[in-house]
Protein chains: 2
Amino acid sequence: MRASQFHLFTLKEAPSDAEVVSQKLMLRAGMIRKVAAGIYSYMPMGLRSIRKVETIVREEMDRAGAMELIMPMVQPAELWDETGRWDKMGDELLRFKDRHERDFALQPTSEEVVTDIARQELKSYRQLPKNFYQIQTKFRDERRPRFGVMRGREFTMKDAYSFDRSEEAAGRSYDIMFAAYKRIFDRLGLEYRAVAADTGAIGGDRSHEFQVIADTGEDAIVYCPDSDYAANIELAEAVSLIARRAEPAKALEKTPTPGKATCEDVAELLGVPLATTVKSLVLATDDLDDKGNPAGVTVWLLLVRGDHALNEVKAGKLPGLKSGFRFATEAEILEHFGCKPGYLGPIGLKKPVKVIADRTVAHMADFICGANDADFHFTGVNWGRDLPEPDLVADLRNVIEGDPSPDGKGVLAIQRGIEVGHVFYLGTKYSKAMNATFLDEDGKPKHFEMGCYGIGVTRILGAAIEQNHDARGIIWPRAIAPFEVVICPVGWGKSQAVRDEAQTLYDALIAAGVDAVLDDRDERPGVMFADWELIGVPHRVTIGDRGLKEGLVEYQGRRDAEATKLAVGDIAAHVLGALDKA
Amino acid sequence: MRASQFHLFTLKEAPSDAEVVSQKLMLRAGMIRKVAAGIYSYMPMGLRSIRKVETIVREEMDRAGAMELIMPMVQPAELWDETGRWDKMGDELLRFKDRHERDFALQPTSEEVVTDIARQELKSYRQLPKNFYQIQTKFRDERRPRFGVMRGREFTMKDAYSFDRSEEAAGRSYDIMFAAYKRIFDRLGLEYRAVAADTGAIGGDRSHEFQVIADTGEDAIVYCPDSDYAANIELAEAVSLIARRAEPAKALEKTPTPGKATCEDVAELLGVPLATTVKSLVLATDDLDDKGNPAGVTVWLLLVRGDHALNEVKAGKLPGLKSGFRFATEAEILEHFGCKPGYLGPIGLKKPVKVIADRTVAHMADFICGANDADFHFTGVNWGRDLPEPDLVADLRNVIEGDPSPDGKGVLAIQRGIEVGHVFYLGTKYSKAMNATFLDEDGKPKHFEMGCYGIGVTRILGAAIEQNHDARGIIWPRAIAPFEVVICPVGWGKSQAVRDEAQTLYDALIAAGVDAVLDDRDERPGVMFADWELIGVPHRVTIGDRGLKEGLVEYQGRRDAEATKLAVGDIAAHVLGALDKA
């Protein structure tokens with residue numbers, strides 16, 4: 001490709017509403033242009049990278065035996081009604097009516113349509129396993145779209161769906177996809193981690209997120225550097241930090257703590273470690289009678305150590321809370337604790353509450369907690385002596401750096417990540433809701449065991465940039481760079497020698513299958529360098545009259561601090577070597 | 001590909017709501033599955049053909065210097081307001097609101113978004129010409145979606161938009177696209193015709209439709225077998241069939257024609273040729289005063305020969321009618337003609353009407369027309385003698401087979417066609433509406449001269465099948481067949497010799513770059529043949545033990561009446577020869 005034939009529009013400054021570095025750089029490099037909030041055009045430069053991602057994804061999905069199809073963007077409400085998602089999904093599902101007042105939605109994913117295909121097409125166990133995938137535009141009406149392609153409303157996703165005879169077979173399909181995803185992210189050239197993730201109501205342990213490591217990531221990834229343990233922080237198990245409870249050593253005392261409504265403030269006031277305090281969090285569940293009518297409220301007191309944070313996903317899996325909980329209202333708190341928030345604790349309650357202690361809290365002795373009296377805390381609190389044992393002891397908190405790894409093989413570290421893929425065992429959730437069955441070997445109908453597997457194609461571009469950039473611009477991994485090599489001739493308009501050498505090198509690279517671009521815009525070196533460093537092309541060759549007189553050209557890798565002079569005759573081989581294509 | 005790994009679901013019968021042959025065959029061949037009216041999933045078999053079409057289109061667009069990008073499916077009302085299309089487009093533009101109650105539409109085409117890109121990105125004449133294209137999902141909320149992928153609501157279209165400095169340069173861009181389209185349809189292997197089409201309000205002669213020839217086509221294509229004249233029937237010029245008007249030979253007579261309200265009936269009753277009668281068609285225009293308020297109605301009488309049909313597109317271009325016309329109401333007809341329809345004519349009007357005669361009618365003498373008296377016609381009617389000359393003589397009718405070609409080089413023929421592509425010069429219609437300008441060489445801002453160029457990617461599949469099928473199924477042109485060659489081993493499960501020969505041939509074809517499929521389902525020959533003939537694979541090789549004993553296999557082209565026996569050693573070369581890959 002010649003730069004003069006290409007739509008190369010770089011900007012000195014990103015638009016003021018761009019928030020994160022990948023968004024700014026993609027806008028500045030002319031890869032995307034905003035059309036509306038969370039809706040972008042992918043310009044020719046951006047589309048080149050998208051196509052490379054798509055090709056890698058497609059090749060590995062095909063290699064894993066999945067079959068590509070295309071399901072429609074616009075999907076009828078009838079199918080979404082069958083699974084109840086038409087009503088259950090929030091405003092992210094963009095719903096509308098066609099000219100005949102029939103209800104439709106834009107696909108955010110396609111479980112309903114693919115399950116409908118399966119129940120029509122897959123009649124016998126002999127046709128299983130099957131895995132259908134599509135690389136197709138999706139729409140999610142995010143309340144607050146942001147971060148460019150990282151949290152857009154319209155985006156490209158690869159979504160795959162497997163259909164199996166049994167849970168065991170579904171496990172094999174899951175493992176095949178897991179392996180395919182590893183090959184995909186390896187080939188993309190990204191630093192990533194596959195982490196165990198929450199399975200929600202489905203249960204089991206078959207849910208993994210593929211997270212691209214980046215300091216700017218929205219997700220916290222927990223891993224053990226000494227083992228292969230890795231999990232999303234929502235799921236990562238927090239063990240007790242105290243092996244067993246010590247004997248009480250202090251007396252219970254009601255201590256004035258005026259205006260100190262947080263554990264941090266109380267610890268500072270009393271001159272004690274934050275780890276001797278206990279935080280009280282009050283939840284509520286709305287109870288229903290047998291007929292499903294409201295039947296009062298249960299109030300829950302959750303206790304985590306002062307330096308720990310409540311993990312709401314873990315809380316949501318506990319008996320009594322798993323049908324849904326909310327934070328208690330101030331009125332409910334006053335009614336049960338006789339005190340406003342900030343000074344709450346498990347001693348001296350006005351009305352009964354269910355007390356759940358984090359594993360670590362359950363092993364604490366002589367701890368500090370609110371006294372249910374404004375401006376007072378109890379110190380020297382001990383389970384059994386000062387208050388009954390908790391109703392339930394559970395893993396309630398987020399792990400923190402340095403926690404023991406739950407596999408016993410070291411301590412945990414935490415990284416930030418950007419979720420770009422997710423493999424998920426669905427079980428029979430959709431096949432039962434839509435009565436999608438096949439005839440098994442015994443002649444009896446059976447619901448499909450399903451899995452779903454997503455990759456955020458356009459999001460991968462953003463994640464790759466968040467992970468790989470510097471002050472000058474993007475640093476693309478070679479596999480998804482819009483071009484692999486740029487040739488910058490200095491004095492294109494003036495020097496026949498420069499033009500000839502540039503063209504010779506270009507022809508040699510193209511013949512070797514390299515995706516090269518020749519910058520024939522006749523711009524000054526500074527302009528060319530700034531453009532291609534912003535765009536992030538991994539390899540650059542500069543050819544000028546001065547160097548040619550000595551038989552030299554310059555090579556610079558995008559991460560190199562400076563250029564290397566090379567003999568004209570060696571440059572093609574050098575570039576091919578740098579691309580592993582020699 | 002092995003058939004056992006593929007989603008191969010053929011149906012004996014098409015669903016009862018399938019109307020046309022391409023729709024029935026695509027459903028039966030398992031290429032598409034209906035999700036809602038006019039909305040289909042493209043199954044793996046169908047997607048293979050779509051990808052082949054897309055690849056050819058993409059290669060030729062790239063070769064023509066166009067640049068691929070992706071514009072969003074969901075487009076904001078603000079852009080569509082700028083051109084007025086938000087209000088002007090009918091219900092085909094599917095409009096909806098997002099969660100924040102902002103207005104959006106699903107793209108039916110993307111003139112607004114691409115013009116917005118141009119006005120942001122193309123600042124100087126030095127950046128021109130530019131041509132942007134996308135291959136992307138489109139949505140048109142057709143009132144009555146039908147014919148499968150031929151008139152669906154959701155479909156894939158390639159749409160390209162050119163931006164030029166001047167009308168002359170835009171003409172060159174148009175010619176480049178026209179040539180690219182010819183290469184595309186040549187490569188697709190379809191019999192097609194590029195025909196001149198109506199340019200509507202834009203004017204000029206730069207609008208061509210690419211029509212795939214098929215008896216079942218919705219469009220009538222007019223062409224001259226002795227020249228390169230070809231036009232859509234809406235546009236094709238109808239010359240006068242009578243060189244000059246003869247002198248009157250008959251007296252005007254009011255003749256009773258009781259109950260004979262059509263020219264056919266009158267001609268039959270009177271025993272005269274239909275070509276001696278004249279048909280009266282009454283239109284009306286709603287006049288406006290200078291302030292745009294209603295100012296009465298003008299009634300128009302259009303006269304075409306009894307054996308001719310009114311061409312409304314031609315009528316719509318005439319002075320007085322080009323701002324929009326309608327057929328007159330019965331009340332308006334009674335008021336002006338004093339008679340009900342069926343017996344109308346230009347003689348003896350109650351109130352003045354504008355009379356427009358078709359070129360042929362204007363040259364007729366001694367003709368027959370309605371007498372403005374129920375159950376009566378005039379015979380022996382002559383211009384000048386019996387009634388004033390018409391207010392206007394114009395080309396008002398559709399051409400018919402045998403008409404002289406307007407280029408004077410022979411007579412016209414008519415074929416049916418399916419429109420699969422359209423190239424169109426837009427002028428400054430959109431750039432002026434959106435104030436999209438560049439700085440020209442003289443430093444002054446100038447509106448872009450634009451063109452738009454569409455190809456119905458999914459529709460091409462339907463058109464290819466309408467053109468190429470027989471009682472057994474589809475007959476794909478090789479370039480877009482889901483597979484080029486199928487190998488049918490007879491007795492796959494039993495014979496090692498058959499398996500070995502089939503595998504050897506398969507490997508040889510794959511190595512030669514042939515898109516082959518090996519039917520390893522261990523089905524009976526009849527089942528295999530029926531499936532692959534329905535699916536329409538162009539070449540088939542059958543390998544069985546009986547033949548192998550004599551060293552023979554069978555080859556059959558999809559259009560061949562029967563199979564040819566060939567030596568095992570020759571078969572690969574024979575197939576490669578049939579594919580022009582030898």
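Residues are numbered from 1 along each chain as its sequence is written, and chains are lettered from A, with ligands numbered from 1, in the order in which they are written. Because the model is predicted, local features need pLDDT of at least 70 and side-chain atom pairs count only at pLDDT 80 or more, while totals for chains, interfaces and linings use all residues.

Confidence may be taken up first. The mean pLDDT (the predictor's confidence in each residue, from 0 to 100) of chain A is 95, and 100% of its residues reach 70 or more. The model as a whole scores ipTM 0.89 and pTM 0.91.

Chain A has 582 residues, of which 46% count as buried (20 or more other C-beta atoms within 10 Å of the residue's own, with C-beta atoms placed from the backbone). Its C-alpha trace spans about 90 × 70 × 50 Å along the principal axes. The secondary structure comes to 16 helices and 31 strands, taken as DSSP runs numbered from the N terminus (helices H or I, at least four residues; strands E, at least two). Of the contacts in chain A between residues at least 6 apart in sequence, 71% join residues at least 24 apart; two residues are in contact if their C-beta atoms, placed from the backbone, lie within 7 Å.

Turning to the pair of chains, a rotation of 180° with 0.0 Å of shift along its axis superposes chain A on chain B with an RMSD of 0.1 Å (least squares on the C-alpha atoms of residues with pLDDT of at least 70 in both copies). That is the relation of a two-fold axis. The same surface serves both copies, as 100% of the contact residues of chain A recur in chain B. Within chain A, the C-alpha of Phe96(A) comes closest to the rotation axis, at 3.0 Å.

The contact takes 39 residues from chain A and 39 residues from chain B. Among the elements of chain A that give two or more residues to this side are β1 (32-36), α2 (44-63), α5 (111-121) and β7 (130-139). By class, the side of chain A that touches chain B has 23 nonpolar, seven polar and nine charged residues (Ala, Val, Leu, Ile, Met, Phe, Trp, Tyr, Cys and Pro count as nonpolar, Asp, Glu, Lys and Arg as charged, and the others, Gly among them, as polar).

One sheet of chain A is open, with three strands in the order β13-β19-β18 and antiparallel pairing (two strands pair if DSSP finds at least two bridges between them). Its edge strands, β13 (253-256) and β18 (367-370) of chain A, each pair on one side only. Three bridges join β18(A) to the antiparallel strand β19 (residues 376-381) of chain A, and Gly370(A) stands opposite His377(A) in β19(A).

Methods. A residue is buried if 20 or more other C-beta atoms lie within 10 Å of its own, exposed if 12 or fewer, and partly exposed in between; C-beta atoms are placed from the backbone.
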